[in-house]
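Open the model in your viewer and keep the selection tool at hand.

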Amino acid sequence: MPAPFIVASCAASFGVFTKEPVERLESAGCEVRISPYGRAMTRKEIVDFAYGADAVVLGNGRMPASVIGALPDLKVIARHGRGVDGIDYAEATKRGIIITNAPGTNTEETADLAFGLILDLERHITMMNNELKGGTWRKRAGHSLYGKTIGIIGVGDIGIAVARRAMGFGMDILGCDIRERPEAAITGLIFTSFNDLLKRSDIVSLHTPLTDVTRNLIGAKELRMMKDDAILVNTARAGIVRQSALEKALLEGRLYGYATDVHAGEPPQIAKISGLPNVIMTPHAGSATYEANLRMGMAVADNIIAVKDGVTPPNLVTPATLLYG
């Protein structure tokens with residue numbers, strides 16, 4: 001009898017919110033291990049938990065060369081999500097390990113959260129909720145979205161989904177990216193330069209992958225370009241914003257607000273700005289809906305089963321994926 005194809009899920013939500021992907025893998029002859037941690041695993045935890053596995057399901061953890069090299073039986077790393085910046089692509093390729101992801105499975109949900117954060121910052125929803133529950137009746141004046149300009153940095157699937165939502169609010173929409181997608185035009189989005197977008201936007205929303213080009217893309221210079229009453233929303237990757245410059249701008253009152261769903265560590269170190277009333281933080285929850293998790297999980301199952309059966313997986317990560325996301 002052949003040995004089972006072992007799948008070690010290091011993704012906190014895989015097989016927890018929805019069971020169907022695990023059942024599908026088991027029906028295909030896989031033995032599935034489910035993470036007991038409920039959070040992103042450390043490198044040592046991944047090595048200990050996934051040792052001997054043929055496949056690793058990776059959530060928001062990281063797999064550098066040292067981790068990949070410590071897993072001698074590994075054949076596929078299946079990302080439970082889209083971004084693959086946490087995986088050492090060169091090391092995996094050198095060892096003949098296939099990397100897959102789940103593009104398009106959480107697009108609408110991430111756009112929903114981005115727009116929820118925008119509304120919260122501009123209308124002080126969380127702040128007024130906390131004050132009212134604490135016994136303080138205070139109507140805080142915020143900003144209307146109608147007629148304002150939103151700048152979308154990274155006009156991919158999620159960026160376009162955010163633009164569709166902005167169109168419904170009657171906003172002017174600017175975008176910039178390394179390539180211009182013609183399908184964005186239906187939202188009224190106008191492509192412009194990076195600097196022009198920063199100067200003209202009332203809201204800047206980040207939706208780029210984390211690459212050598214986008215790391216620290218928003219620093220002190222870029223924050224100075226933005227309007228004093230602008231807000232910055234990051235549901236992409238923490239490394240796109242230089243943390244020290246962001247903290248300085250917020251502490252000096254040069255940003256109306258900042259919201260983020262992404263962090264340098266999970267859980268993150270408490271930042272200096274976390275206690276500010278105009279800063280909102282969520283725990284990397286952009287894809288945390290039952291519907292998105294089912295889609296992501298099924299994509300993971302499709303990819304792993306394809307590798308197990310010796311065929312090209314539907315969501316094979318290539319060098320182009322690293323560049324464009």
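The tour below tells you what to select at each stop and what is there.

**Before you start**

This is a predicted model: local features need pLDDT of at least 70, side-chain atom pairs count only at pLDDT 80 or more, and totals for chains, interfaces and linings use all residues. Residues are numbered from 1 along each chain as its sequence is written, and side-chain values use heavy atoms, with hydrogens and water left out. Helices (H or I, at least four residues) and strands (E, at least two) are DSSP runs, numbered from the N terminus.

**Stop 1: the five-strand sheet**

Select the strands S2-S1-S3-S4-S5, in that order: these 5 strands form an open sheet with parallel pairing. Two strands count as paired if DSSP finds at least two bridges between them. At the edges stand strand S2 (30-34) and strand S5 (98-100), each with a single partner strand, so one side of each is left without a neighbour in the sheet. On average, neighbouring strands of this sheet are turned by 15 degrees against each other, direction ignored.

Now zoom in on strand S1 (residues 5-9) and strand S3 (residues 55-58), which pair in the parallel sense over 3 bridges. Here alanine 8 stands opposite valine 56 in S3.

**Stop 2**

Axes are lines fitted to C-alpha atoms, for helices over the stretch in contact, and angles run from 0 to 180 degrees between N-to-C directions. Contact means heavy atoms within 4.5 Å.

How do the two helices meet? The axes of helix H1 (residues 20-27) and helix H11 (residues 290-308) come within 8 Å and cross at roughly 15 degrees. That makes H1 roughly parallel to H11 (angles under 35 degrees count as roughly parallel, over 145 as roughly antiparallel, 65 to 115 as roughly perpendicular and the rest as oblique). Select Glu20, Pro21, Arg24 and Leu25 of H1 with Leu294, Gly297, Met298, Ala301, Asp302, Ile304 and Ile305 of H11 to see the contact.

**Stop 3: the seven-strand sheet**

Move on to S8-S7-S6-S9-S10-S11-S12: these 7 strands form an open sheet in that order, and the pairing is parallel. The edge strands, strand S8 (190-191) and strand S12 (279-281), each pair on one side only. Within the sheet, strand S6 (residues 149-153) and strand S9 (residues 203-206) pair in the parallel sense over 4 bridges. Isoleucine 153 has leucine 206 in S9 as its bridge partner.

**Stop 4: helices H5 and H7**

Show helix H5 (residues 107-123), which lies across S6, S9, strand S10 (231-234), strand S11 (257-260) and S12, at about 150 degrees to S10. Helix H7 (residues 157-168) lies across S6 and strand S7 (172-176), at about 170 degrees to S6. The axes of H5 and H7 come within 8 Å and cross at roughly 50 degrees; the two helices are therefore oblique to each other.

**Last stop: a salt bridge**

Which residue forms a salt bridge with glutamate 108? Select arginine 164: the closest N and O atoms of this pair are 2.5 Å apart. The pair links distant parts of the chain, with glutamate 108 in helix H5 and arginine 164 in helix H7, 56 residues apart. A salt bridge is a side-chain nitrogen of Lys or Arg within 4 Å of a carboxyl oxygen of Asp or Glu, and the whole structure has 19 salt bridges.
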